[in-house]
Amino acid sequence: MSYAEQMARLTARKIEQTRVKQDRLGARDEDDYGLVLPPESFKADLPVRDATGQFSGPRAWAANFRWLMEHHPLYIDPDDALAGRWMFMLSRMRLGYQLSRSNFAFDYSHLEPLQKKYDITTGIGKDAHFAPDYQIGLDLGWGGLLEKVRAARLKFGGRAEARPSPAGEPGRVAACCDRAEDAAYAIELMDAEEQAILGVQAWTRRLGEAAADRTMTEEDPVRRANLAEMARICLKLVDQPPETLREVVQWIAIFNMASRTYNRDGAGGQLDELLRPYYERDLAAGRITDEDAEFYCFCLLLNDPHYYQIGGPAADGTDQTSRMSYIILEAANKLKSSCNLTIRVWDGMDRALYRRGVEILLANRLGFPRFSGDKALVEGFMKNGYSAELARRRIAVGCNWMSLPGLEYTLNDVVKINIAKVFEVAFAESDSWEELESNYRKHFAAAVKVTAEGIDFHLDHQYLNEPELMLNLLSHGPIEKGKDVSHGGAMYYNMAIDGAGLAVVADSFGAIEQRVVDEKSLSFAEVKDAVASNFEGEAGARVRKLMDSAGRYGAGGTRADAWAVKLTEILNGEIAGHTTPHGFKLIPGWFTWADTIRFGKTVGATPNGRKAGEPISHGANPLPGFRRDGALTAMATAIASVQPGYGNTAPWQLEVDIGLADDEGAVDKLMALMDGHFALGGTLVNINVVDAEKILAAHKDPSKFPDLVVRVTGFTAYFNSLSPAFRQLVVKRLIREAV
Amino acid sequence: MKDGPGIRTSVFLKGCPLRCAWCHNPESQAAEIQRAVTTGEVCGRVMSVDAVMGEVLRDAVFYRTSGGGVTFTGGEPMLQFDFLKTLCAAARAAGVHVAVDTSGYAPWERFAELLPLVDLFLYDLKCMDPARHAELTGVPNELILGNLRRLDAAGAKFWIRCPLVPGLNDSDSDLAALRAFTSALRNMEKLEICPYHPLGLEKCATFGLIPRYAEKALPTSADLARWRQALPC
């Protein structure tokens, strides 16, 4: 039995699992996550809920999490190097869960009117979205983490050992405001961490035992040996830290699956550097070959599409590309599934890794790897007052986002201002072109203010609502300080605020300036009337035709292009270098995630010809049809021109039909295109190289293409898992231009 | 991005003295600004050298990262010679790699004047047989072949581009003649086959023109293989 055969079987099972997921869960405009459905007979009967089905506070989360891990169905695949798959998100098991609005045990109704007015995704009650430092766990193992937590609890005045049985309570909503309460919370948090670890250990032990059980019935000797090794590793990892490469990837997978189960956390790390020492030791000792290493990495990537970075500079500015980087990349190449691997592109890099990444992107057409632009990210993050060493350690480990593993709390990608909504408010209030900009500035400032107040509210209360029991363990500070990472536990707080809807607003401003101010072919009042009527009637249609055909953002040299830059200046003017009222640093970005449809529904017609309720634009991207010829370089230039430039990203999301992907020059040209974008200040490039005919056919009948993976935004997903409306957006974004 | 090395901006200059049967840019044949009969869309605009260069330089960074530049094409760019020459000089002054995509059907003096301003000529060879050439393109090929020999002798860099159309100019003898002619050229950097594409048919309909060659199918892979085998590309 060869690894190729094992990989093929594992991939086929993954596709089948995805089909089952789609059948049972329906369309989801989200990451694939690697989640597997539990048996239908399984009932997740969480022990702690209040009368409304909610639970909050460290004890409740810990008790429920421990219960879930102790009862979690066991998944063992004799072809896999790794034991386990994850099946639940505890954070979504509270009643009334919505992706767009988290359950929160504290009243923030005083903020809600303005949050609604500007359609703000507040981040209040949002979890994860910052990166762990796996090295902490790899050094200590679960046993070492347990000792650390218990020692900390003793230091805070608590007991040395666990209570015999975990007791939860539905919610603890008292404010924590003086030192005695701080200490009480620290003890409670350590209790909760202890319970969480015990839960993970129980699950790990059960996985080991299940693998051992399977050896009794497995007839194939290779699989039987594999199961025996899987069992040995899991049983070892219950307490001990990993020592070999296979043990390390199993430990990382266990943490990932547990952290997913807790609250969907999907941040990875600098995977090549995490694995390299173990790989090199195993190789030197003759324990493994490169083929073994590649298979272990394949299984880790298959287990869960966590976000990992490879390549890029080390903290001291040397290139950290290694043989391990290539092994991971080749494992990803063989993984014909959803994957979120990012190659960090920088001046001092091993260009061969970059080239190989582009070759894989072109050949596989699965939307990965992604490419992140080191120069602008490092220089940008340093503008917030951080050193170059620290800036280099801030890596691409999320959909759009960067994080300092184990050091930083950010609310990345979960705080967004729908600027199309802000524009709508400003436009409705304006009677002339002259008033429009100042009204937009005024309302945008108000939107940022209430967003920042919401961030403070979250930071004030989240530790009592939903402490980060898993990510605390792999952060530098929470256990040492007895504080949740969201509440003083982290080393740095760099709170993200992203603008969404840039192209809609830039095109709206641009179209008005072009048609009303420059050409005088329409009056401001005519535009207002047409927008108010949703471009109904003959007059509305005439106005729409003119506004829709005005020069767009992305075309190059248009009024809308200038407005996109100005909107970025306005974004920066209110966010960059600013803090929340409580003094937490803010960092701006442009990103919409998969919320283009949801955001669009709240916004009436806009002067760029967009009708009420239609989706808003994606991230920093121009709207489809922004330019006919030269769209690729124009887009690369335009998106570089709107980079906020403070270390967070404004990704370039590119869907391109490269009919000529086989062209000998395609790799060089795509690299040149990205090099140019990065030289101009670009931060992250997500590319879907697609076969237009295939994607159009799949849009008509997704079931015919069960293995078609596309990069939806920062994440990849199976095309047939997306809703029809979202599939339509992906199709519309397609640029048919030869590279 | 296909007209020459690297990432390039193609500047289309309207007007062409040839009327190739398979023309895939029929909207560039007339020198005048045209309006599409079906969509009303306007084809062509009057631009200053500064306006063209403004557009061209917008992508300067990509020329550097890719080894690309600007390609002046058409139509036949030599028809607007003074404008072309000024553009070439402006691009050269801005440090941008300059390519001129030409049918070769222009007085030699124009090529001679452009030589110091152009980094690369993309030079079409459509058919070696004089009578057949005239039949297919509307003009004889002596001037074209003569200019190419002189460019070669002058040490200019050039790529030969052969638009090949099944049944029109791809017989074994056509290909053999092309091979014989091009193998005598000392400075040819590359020979590119440009397979027939029916894109021009749609454009003819848009602009109310009647195509002389109305094949809707792309060349077959067998055609492509035969062409590649017969020519030094």
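**Sheet, globule and contacts**

Modeller: In this predicted model, chain B holds an open sheet of six strands, paired in parallel and ordered β1-β4-β5-β6-β7-β8.

Biologist: Which strands of chain B stand at the edges of the sheet, and why is one side of each left without a neighbour?

Modeller: Averaged over the sheet, and with direction ignored, neighbouring strands are turned by 20° against each other. Two strands of chain B have a single partner each, so one side of each has no neighbour in the sheet, and these edge strands are β1 (8-13) and β8 (188-195).

Biologist: Which residue stands opposite P163(B) in β8(B)?

Modeller: Strand β7 of chain B covers residues 158-164 and runs parallel to β8(B), to which seven bridges join it. Within this pair of strands, the residue of β8(B) that stands opposite P163(B) is C194(B).

Biologist: What radius of gyration does chain B have, and why does it agree with a compact globule?

Modeller: The C-alpha trace of chain B spans about 45 × 45 × 35 Å along its principal axes, and 38% of the 233 residues of this chain count as buried. Among contacts in chain B with a separation of 6 or more, 76% are made by residues 24 or more positions apart. A compact globule of 233 residues would have a radius of gyration near 17 Å, and chain B agrees with that because its own value is 17 Å.

Biologist: Which helix gives the most to the side of chain A that touches chain B?

Modeller: The contact between the chains takes 15 residues from chain A and twelve residues from chain B. On the side of chain A, α24 (631-641) and α25 (666-679) each supply at least two residues, and by class this side has six nonpolar, six polar and three charged residues. The helix that gives the most, with seven residues, is α25(A).

Biologist: Within chain A, which element supplies the largest share of the side of domain 1 that touches domain 2?

Modeller: Chain A is divided into domain 1 (1-30 + 267-397 + 651-739) and domain 2 (31-265 + 417-480), and their C-alpha centres lie 25 Å apart. Their contact takes 37 residues from domain 1 and 29 residues from domain 2. Several elements of chain A each supply at least two residues of the domain 1 side, including β2 (267-270), α8 (271-284) and α9 (290-303). The largest share of that side, nine residues, comes from α1(A).

Technical notes. Residues numbered from 1 in each chain as written. Chains lettered and ligands numbered in written order. Predicted model: local features only at pLDDT ≥ 70, side-chain atom pairs only at ≥ 80, totals over all residues. Pairing = 2+ DSSP bridges. Helix = DSSP H or I, 4+ residues; strand = E, 2+ residues; numbered from the N terminus. Axes fitted to C-alpha atoms, helices over the stretch in contact; angles between N-to-C directions. Contact = placed C-beta atoms within 7 Å. Nonpolar A, V, L, I, M, F, W, Y, C, P; charged D, E, K, R; others polar. Rg over C-alpha atoms; globule rule 2.2 N^0.38 Å. Buried ≥ 20, exposed ≤ 12 C-beta atoms within 10 Å, placed from the backbone. Domains from an automatic or database assignment.
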